[in-house]
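Here are my notes on the nonpolar cores and the aromatic pairs. Keep the structure open as you read.

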Amino acid sequence: KIEPIPNEPIVIVTFEGHLDVDTVRQVFVETAAIFANFEGHVYRIADIRTAKIGFVDLVNIVKAVRGGLPASSIDPRVHGIFVGQNQFARMYADFMKQEQFGSTAIPFFQTLEEALEYIELDRNQHG
């Protein structure tokens with residue numbers, strides 16, 4: 001489920017059930033279209049609290065991101081944020097920290113409210 005916050009450069013994506021590369025690709029394409037309406041930094045909150053992902057799917061997602069999906073985690077405009085925890089999300093975040101993925105840090109939060117507070121602080125810091 002993709003929910004843009006009206007008049008804000010913020011999209012909340014809720015992943016439920018099995019997560020695979022096709023799902024992630026579709027989310028990136030749809031959020032890229034939303035983000036095209038905004039200048040500067042944009043934020044995608046991925047709520048993964050009920051998502052399930054396997055190792056092979058994780059590897060395929062990382063390959064797709066590296067291949068240059070629009071509005072992906074390596075796009076310097078896009079600030080990705082996770083709500084929830086699982087070992088494969090942590091592995092994905094670790095991949096994104098590597099230089100070939102733009103040394104991108106992806107923060108994790110327990111609740112959507114914490115993620116939104118983080119965005120407010122980040123926007124106040126960086127304009």
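1. Start with Phe 82. In this predicted model, Phe 82 has 11% relative accessibility. The cut-off for buried is under 20%, so Phe 82 counts as buried. Tyr 92 is buried too, at 7% relative accessibility.

2. Now look at the aromatic pairs, three of which are present in the structure. In one of them, the ring centres of Phe 82 and Tyr 92 lie 6.0 Å apart. Their planes meet at 70 degrees, so this pair is edge-to-face. Phe 82 sits in strand S4 and Tyr 92 in helix H3, so the pair links parts that are ten residues apart in sequence. Phe 82 and Tyr 92 also form one aromatic cluster with Phe 108.

3. Phe 109 and Tyr 118 make a tilted pair, because their planes are at 45 degrees, with ring centres 5.3 Å apart. Phe 109 counts as buried at 17% relative accessibility. Tyr 118 is partly exposed, at 28%.

4. Which residues have the most contacts inside the largest nonpolar core? They are Phe 15, Phe 28, Ile 48, Ile 61, Phe 82 and Tyr 92, and this core has 32 residues. Strands S2 (10-18), S3 (42-52) and S4 (78-83) each supply at least two of its residues, as do helices H1 (21-35), H2 (55-66) and H3 (87-96). H1 gives the largest share, six residues.

5. Check Phe 28 next. Beyond four places away in sequence, Phe 28 touches residues including Arg 44, Val 65, Leu 69, Pro 70 and Tyr 92.

6. Another core lies apart from the largest one. This other core has nine residues, among them Ile 12, Ile 81, Phe 109 and Ala 115.

Technical notes: Residues numbered from 1 in each chain as written. Predicted model: local features only at pLDDT ≥ 70, side-chain atom pairs only at ≥ 80, totals over all residues. Heavy atoms only, no water. Core = buried A, V, L, I, M, F, W, Y, C linked by side-chain atoms within 4.5 Å. Buried < 20%, exposed > 50% of the residue type's maximum accessible area, 1.4 Å probe, protein only. Helix = DSSP H or I, 4+ residues; strand = E, 2+ residues; numbered from the N terminus. Contact = heavy atoms within 4.5 Å. Phe/Tyr/Trp six-rings, centres within 6.5 Å; stacked < 30°, edge-to-face > 60°.
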